[in-house]
Amino acid sequence: MKNESHAEFVEDLHFQELAIQYKDQKWFLDCGLWCRQGLSKEYPEEHFETHAFGLTDNVADKSFTYVGETIEECFKNFINGFRELDGKTIFEAEPELEIVDDTPELEDID
Amino acid sequence: MGGRGTYSTGQEPEQKYHAVGEIDGVKILEPIDGKQWRLPEENHSSTAYILLHPDGTFKRYREYNEDHTAKFDIDYHPEDKALGTGKRPILHIHEYHMKKGTLVREPARFMTEEEYTTYKRFFVNVPEGAYLP
């Protein structure tokens, strides 16, 4: 993945469902979902969510949800809160990330 | 990671995809740079597009409104968080809505049998009944 500004990176995540690979991990990201009032028992008021869950066996038991009243707040919480990539935020790890197919198998990255 | 379409602002979206085939009149798109495995949120020439996985299996169908904005997606991949269906891929739908002038996407929901039957012809290499919980 090419290096981008933080703002560009956030903008590109809008509406995205994508799998990323970082070293020996694959994660599935589902970004910026709008949850109407009453849709979620955990967060009953209207809000935005971003989901991240592991695909490869080494992270398959991990699943995270980040919420916000606005999509910007949701992304902020996700980008600052997701620290599974050697402790880096997803933005910090971006130069080492690749968009990949959403299968559990690791892919050869050039 | 690439930008979004800008049709709604009056600008022509950058051409990031080309058509590599079609199924029943719906174009199959492939990213020009081989990396942007996603569909445009806005379109300017068709009412629907299909995206396939690199192995040719169905990945996504996106249908657009008359104003060229996305209407809904049919996706085929795991949706454990929203649907509780584990790590197996499942056909599911995301709907788009306008909320105070902004296009928003809703979490995944299960397909109905009627929806599955309507769009089944597009689900290349997807096992029969892959929409069931």
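Strand S3 of chain A, spanning residues 47-54, is largely enclosed by the rest of the structure in this predicted model, because 8 of its 8 residues are buried. Burial extends to both faces of the strand: A:His47, A:Glu49, A:His51 and A:Phe53 point one way, A:Phe48, A:Thr50, A:Ala52 and A:Gly54 point the other way, and all are buried. In a regular strand, side chains alternate between the two faces of the sheet.

The partners of this strand can be named on either count of pairing. Strand S2 of chain A, residues 25-35, pairs with S3(A) in the antiparallel sense over 7 bridges. Within chain A, A:Cys35 stands opposite A:His47 of S3(A). Strand S4 of chain A, residues 63-68, is also paired with S3(A) in the antiparallel sense, here over 6 bridges.

The loop between S3 and S4 of chain A holds A:Val59. This residue is partly exposed, since 17 other C-beta atoms lie within 10 Å. Leaving aside residues up to four places away in sequence, A:Val59 touches A:Gln25, A:Trp27, A:Gly54 and A:Glu84. For one of these, A:Trp27, the C-alpha atom is separated from that of A:Val59 by 7.9 Å, although the two residues are 32 apart along the chain.

Turning to chain A as a whole, its secondary structure comes to 3 helices and 5 strands, arranged along the sequence in the pattern α-β-β-β-β-α-α-β. Chain A has 110 residues, of which 32% are buried. Among the contacts in chain A with a separation of 6 or more, 47% are between residues 24 or more positions apart.

In chain A, A:Asp86 has a phi near 55°, a positive value in a residue other than glycine. A:Asp86 is placed in the loop between helix H2 (71-81) and helix H3 (90-93) of chain A, and it is exposed, because 11 other C-beta atoms lie within 10 Å. In chain B, phi of B:Asp24 is near 50°, again a positive value in a residue other than glycine. The loop between strand S1 (17-23) and strand S2 (26-31) of chain B is the place of B:Asp24. B:Asp24 counts as exposed, since it has 9 C-beta neighbours inside 10 Å.

In soluble globular proteins, nonpolar side chains tend to be buried together. The largest nonpolar core has 22 residues, and those touching the most other members are B:Leu29, B:Ala48, B:Tyr49, B:Ile50, B:Leu51, B:Tyr61 and B:Leu91. Two or more residues of this core come from each of S2, strand S3 (48-52), strand S4 (58-64), strand S5 (70-77) and strand S6 (90-99) of chain B. S3(B) gives the most to this core, with 5 residues. Apart from this core lies another, of 21 residues, among them A:Leu13, A:Tyr22, A:Leu55 and A:Phe75.

Not counting residues up to four places away in sequence, B:Tyr61 touches B:Ala48, B:Ile50, B:Asp73, B:Ile74, B:Tyr119 and B:Phe122.

Definitions and conventions: Residues are numbered from 1 along each chain as its sequence is written. Chains are lettered from A and ligands numbered from 1 in the order in which they are written. This is a predicted model: local features need pLDDT of at least 70, side-chain atom pairs count only at pLDDT 80 or more; totals for chains, interfaces and linings use all residues. A residue is buried if 20 or more other C-beta atoms lie within 10 Å of its own, exposed if 12 or fewer, and partly exposed in between; C-beta atoms are placed from the backbone. Helices (H or I, at least four residues) and strands (E, at least two) are DSSP runs, numbered from the N terminus. Two strands pair if DSSP finds at least two bridges between them. Two residues are in contact if their C-beta atoms, placed from the backbone, lie within 7 Å. A nonpolar core is a set of buried Ala, Val, Leu, Ile, Met, Phe, Trp, Tyr and Cys residues joined through C-beta atoms within 7 Å.
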